[in-house]
Amino acid sequence: MASTLYSFCKQTHPPTAIEHCFYCNFYTSWEQNLLVAGANILRIYRLTPESEIPAVGEPKLKLECVQVFPLFGNIMSIKAVRLAGSTRDALLLSFKDAKLSLVEYDPSTHDLKTLSLHYFEEDDMRAGSNHHPFAPEVRVDPDGRCAAMVVYERSIIILPFRKDNITEEQEIISGNAHIASGIKTPVLASYTIKFSDIDEKVNNIKDLQFLQGYYEPTLLLLYEPLRTWPGRIAVRQDTCAILALSLNINQRVHPVIWTVSGLPYDCLYAMAVPKPIGGVLLVAVNSLLYLNQSVPPYGISLNSFTDFSTAFPLKPQEGIRMLISSFYFI
């Protein structure tokens with residue numbers, strides 16, 4: 001049977017495209033590594049000095065590929081998280097349709113070690129649909145308390161992480177047992193938040209991000225309740241909105257603490273602004289918007305299209321210069 005499947009699907013050449021790229025402490029806590037992923041291949045890079053070390057000054061560094069990991073599926077999303085008691089970062093890998101893996105580097109085998117596997121492809125979550133073109137996007141709380149993943153454009157999976165030294169007996173009594181072969185894992189039991197339970201208008205999620213500076217994990221959703229397109233902005237514009245959820249992981253409640261509607265229809269994604277400023281930066285096709293609970297919204301126009309494409313109060317920036325940086329890996 002295995003030989004038949006190998007003949008049916010055989011990878012003749014590893015993929016060369018790059019779909020995901022970020023830095024993390026993959027091997028140790030004092031060394032940052034560059035991780036790039038494309039299709040089912042994960043590559044690990046590090047900066048190493050060249051063979052010739054100069055007598056004066058710092059040596060020249062080169063980017064060296066240390067390891068290549070072939071995986072059993074195309075990577076849809078990848079994030080890093082520092083688990084409690086660990087000296088290195090673990091990786092959260094999502095795969096179609098709604099699979100999630102938590103892996104970590106194992107120095108004893110010089111390979112990836114699976115810490116936790118999660119499968120969210122039950123019939124009740126699919127809601128009768130067999131085709132799901134949307135990729136499961138993973139986001140991690142900045143303080144490493146939990147992770148969130150959107151599945152099937154209908155639900156959010158919350159994956160809490162262990163942050164204290166709770167014993168196995170206490171964990172079983174509290175109903176959060178997640179023990180495999182008697183080994184206590186750093187991941188607690190996951191739970192699901194349906195969009196319909198948050199608000200009936202929450203639909204068509206464009207992006208989600210964890211905000212910084214909040215006591216509890218706060219997840220911001222950028223969504224579009226009623227979609228529009230450029231040829232229809234004369235009758236329907238500013239269709240995007242944001243909504244922030246405060247996640248109480250222990251009690252599994254998620255009150256809405258912040259909402260803003262009437263945002264430009266061409267909003268693309270959100271970027272959480274680090275502390276102490278906080279808030280969120282929304283990147284749109286023709287504008288940039290900064291939103292914060294404590295200050296009025298502020299937005300700037302990047303071109304003249306916003307004169308008729310949105311009614312959101314934008315300030316024009318005369319003589320603005322935009323610099324687009326491109327990175328090429330050879």
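This is a predicted model: local features need pLDDT of at least 70, side-chain atom pairs count only at pLDDT 80 or more; totals for chains, interfaces and linings use all residues.
Ile-242 lies in strand E17, which covers residues 240–246. Asp-207 is 35 residues away from Ile-242 along the chain, and the C-alpha atoms of the two are separated by 9.6 Å.

The side chain of Thr-239 forms a polar contact of 2.6 Å with the side chain of Glu-224. Setting aside neighbours within four places in sequence, the residues in contact with Thr-239 are Tyr-223, Glu-224, Pro-225, Leu-226, Thr-228, Leu-263 and Tyr-265.

In soluble globular proteins, nonpolar side chains tend to be buried together. In this model the largest nonpolar core has 21 residues, and those touching the most other members are Ile-156, Ile-158, Ile-198, Val-202, Leu-219, Leu-221 and Leu-247. At least two residues of this core come from each of strands E10 (146–151), E11 (155–160), E14 (191–194), E15 (205–211), E16 (218–223) and E17, and from helix H4 (195–198). Another core, of 20 residues, lies apart from it and includes Val-81, Ala-90, Val-138 and Val-140.

Ile-158 gives a view of the contacts around one member of the largest core. Leaving out neighbours within four places in sequence, Ile-158 is in contact with Cys-146, Ala-147, Ala-148, Ser-190, Tyr-191, Ile-193 and Leu-247.

Elsewhere in the chain, Ser-86 sits in the loop that links strand E5 (77–81) and strand E6 (90–95). The side chain of Ser-86 takes part in two kinds of pairing. One is with the backbone oxygen of Arg-88, at 2.9 Å. Another is a polar contact of 2.7 Å with the side chain of Glu-104.

Leu-268, Tyr-269, Met-271 and Val-285 make a nonpolar surface patch of about 360 Å². Met-271 belongs to strand E19 (residues 267–272). The relative accessibility of Met-271 is 40%, which means that this residue counts as partly exposed, between the limits of 20% and 50%.

Note on methods: Residues are numbered from 1 along each chain as its sequence is written. Side-chain values use heavy atoms; hydrogens and water are left out. Helices (H or I, at least four residues) and strands (E, at least two) are DSSP runs, numbered from the N terminus. A polar contact is a pair of N or O atoms within 3.5 Å; within protein, one must be able to donate a hydrogen and the other to accept it, and residues adjacent in sequence count only if both atoms are side-chain atoms. Patches are made of residues with over 30% relative accessible area and no salt bridge: like charges are joined within 9 Å, nonpolar side chains (Val, Leu, Ile, Met, Phe, Trp, Tyr) within 5 Å. Accessible areas come from the Shrake-Rupley method with a 1.4 Å probe; for residues, only the protein chains shown count as cover. A salt bridge is a side-chain nitrogen of Lys or Arg within 4 Å of a carboxyl oxygen of Asp or Glu. Buried means under 20% relative accessible area, exposed over 50%, partly exposed in between (1.4 Å probe, protein chains only). A nonpolar core is a set of buried Ala, Val, Leu, Ile, Met, Phe, Trp, Tyr and Cys residues joined through side-chain atoms within 4.5 Å. Contact means heavy atoms within 4.5 Å.
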